[in-house]
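This briefing goes through one protein chain, residue by residue and then as a whole. Please look over the sequence and the structure before reading on.

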Amino acid sequence: MRKEAEAGLELVWDGRALLGEGPVWDERTGELLWVDILNGRVHVYSWRAGTTRTVQLDRPIGAVVPRASGAGWVGAMRDGLYLIDPDTAALTRLASPESDKPDNRFNDGKCDDQGRFWAGTMSMRGEQGAGALYCLEPNGSVRKALEGVTVSNGLGWSPDGRTMYYIDSPTRQIAAFDYDPARGELSRRRIVVSLEGSDSQPDGMTVDAEGMLWVAEWDGWQVSRWNPLTGEKLGAVAVPAARVTSCAFGGPQGDELYITTATVGLGPEALERQPQAGGLFRIKPGVQGRPTHWYGG
Ligand code: ZN
């Protein structure tokens, strides 16, 4: 349900993304990257300059992460995982693990502390359980870690790196796995947070320095904060857009929460009521995030 926008919430970029998603802070450049999945765009916000530039790609992109080497980005795209040259928008394919599923595309993705890139897929036709979660190792090999996923979203790790959190949006649940950092393997799945009974679906997610989860709520007008140890809701940041898609900490002190939103599927009346939908928002919620991890390959 719509509430007044949170005090202190700032509209950083007012570009009406169709499906803004996947913010990631690069402290080396002082830039926040995020994608517009359906438009195949990577937006790059410069903290110092306060300006945003856009890299237009030739196909949809579900997530982007910077490389540890500094040489460009890695993207989880419509038909596979690619190296991206930000200067030329040229793509170099790394892997297409679902070349047999032309109706699928990659969605959300994120790197672990060891530089593995985790990214999942979904059916563009809404087919249930057609997606999967993949892990791209720094050596370039790819393996399937989970299957039977419908809308792969919301990755994050506990501060000690021993727990991975994961969202398959239509389940309205946040799952946790024991995480083996040395092998990148998942075990002992359990549910730690449930949004059942709410109108919204959990989408993207980040973990703060205290180990609490910040969850973007699609059709929920907010980002909510949860304790994964107790399942308790700790608070929320109200956003003046229904389709809140993801969030990440950034800024020079790591204390700014960046929030992406979408306009996709909103009719003319809804868009009129949500003139800032599709924008990038920012707030200082009083807690810091964890450092961003890069793709190690
Ligand atoms: Zn998402």
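Val-24 is buried, at a relative accessible area of 9%; buried means under 20% relative accessible area, exposed over 50% and partly exposed in between, with a 1.4 Å probe and protein chains only. The model is a predicted one, in which local features need pLDDT of at least 70 and side-chain atom pairs count only at pLDDT 80 or more, while totals for chains, interfaces and linings use all residues. Residues are numbered from 1 along each chain as its sequence is written, and side-chain values use heavy atoms, with hydrogens and water left out.

**Val-24 and its surroundings**

- Val-24 belongs to strand β2, residues 20-26; strands (E, at least two residues) and helices (H or I, at least four) are DSSP runs numbered from the N terminus.
- Apart from neighbours within four places in sequence, Val-24 is in contact with Glu-31, Leu-32, Leu-33, Val-64, Pro-66 and Thr-292, where contact means heavy atoms within 4.5 Å.
- Val-24 and Ala-248 are 224 residues apart along the chain, yet 6.1 Å separates their C-alpha atoms.

**Zinc site**

- Three protein residues donate to the zinc ion at 2.0 to 2.2 Å: Glu-21 through OE, Asn-153 through OD1 and Asp-203 through OD.
- Donors here are N, O and S atoms within 2.8 Å of the metal (3.2 Å for Na, K and Ca); water is not among the atoms, so sites may look incomplete.
- Along the chain, the donors of the zinc ion have the spacing E-x131-N-x49-D.
- Asn-153 sits in strand β14 (residues 152-157) and Asp-203 in strand β18 (residues 201-207), so this pair ties together parts 50 residues apart in sequence.
- Asn-153 is buried, with 2% relative accessible area, and Asp-203 also counts as buried, at 6%.

**Other positions in strands and loops**

- Asp-112 is in the loop between β10 (104-111) and β11, and at 0% relative accessibility Asp-112 counts as buried.
- Not counting residues up to four places away in sequence, Asp-112 touches Trp-118, Trp-157, Tyr-179 and His-293.
- Gly-129 is in the loop between β11 (117-123) and β12 (131-136) and is partly exposed, at 31%.
- Gly-129 touches Gly-148, Val-149 and Thr-150, leaving out residues up to four places away in sequence.
- From Gly-129 to Val-12, 117 residues apart along the chain, the C-alpha separation is 36 Å.
- Val-142 lies in strand β13, residues 142-149, and counts as partly exposed at 27% relative accessibility.
- Beyond neighbours within four places in sequence, the contacts of Val-142 are Leu-81, Ala-95, Pro-97, Tyr-134, Cys-135 and Leu-136.
- Val-142 and Tyr-165, 23 residues apart along the chain, have C-alpha atoms separated by 20 Å.

**Positive phi outside glycine**

- Arg-188 is not a glycine but has a positive phi of about 55°.
- Arg-188 is found in strand β17, residues 185-194, and is exposed, with a relative accessible area of 54%.
- Asp-219, another residue other than glycine, has a positive phi near 65°.
- The place of Asp-219 is the loop between β19 (213-218) and β20 (222-227), and Asp-219 counts as partly exposed at 27% relative accessibility.

**The chain as a whole**

- The chain has 24 strands and 1 helix.
- The C-alpha trace spans about 45 × 45 × 40 Å along its principal axes.
- Of the 297 residues in the chain, 57% are buried.
- Among contacts between residues at least 6 apart in sequence, 46% join residues at least 24 apart.
- The chain exposes about 12,200 Å², of which carbon and sulfur atoms supply 45%; accessible areas come from the Shrake-Rupley method with a 1.4 Å probe, and for residues only the protein chains shown count as cover.
- The mean positions of the 31 positive and 39 negative charges are 2 Å apart.
- Lys and Arg count as positive and Asp and Glu as negative, without His and the chain ends, and each charge is placed at NZ of Lys, CZ of Arg, CG of Asp or CD of Glu.
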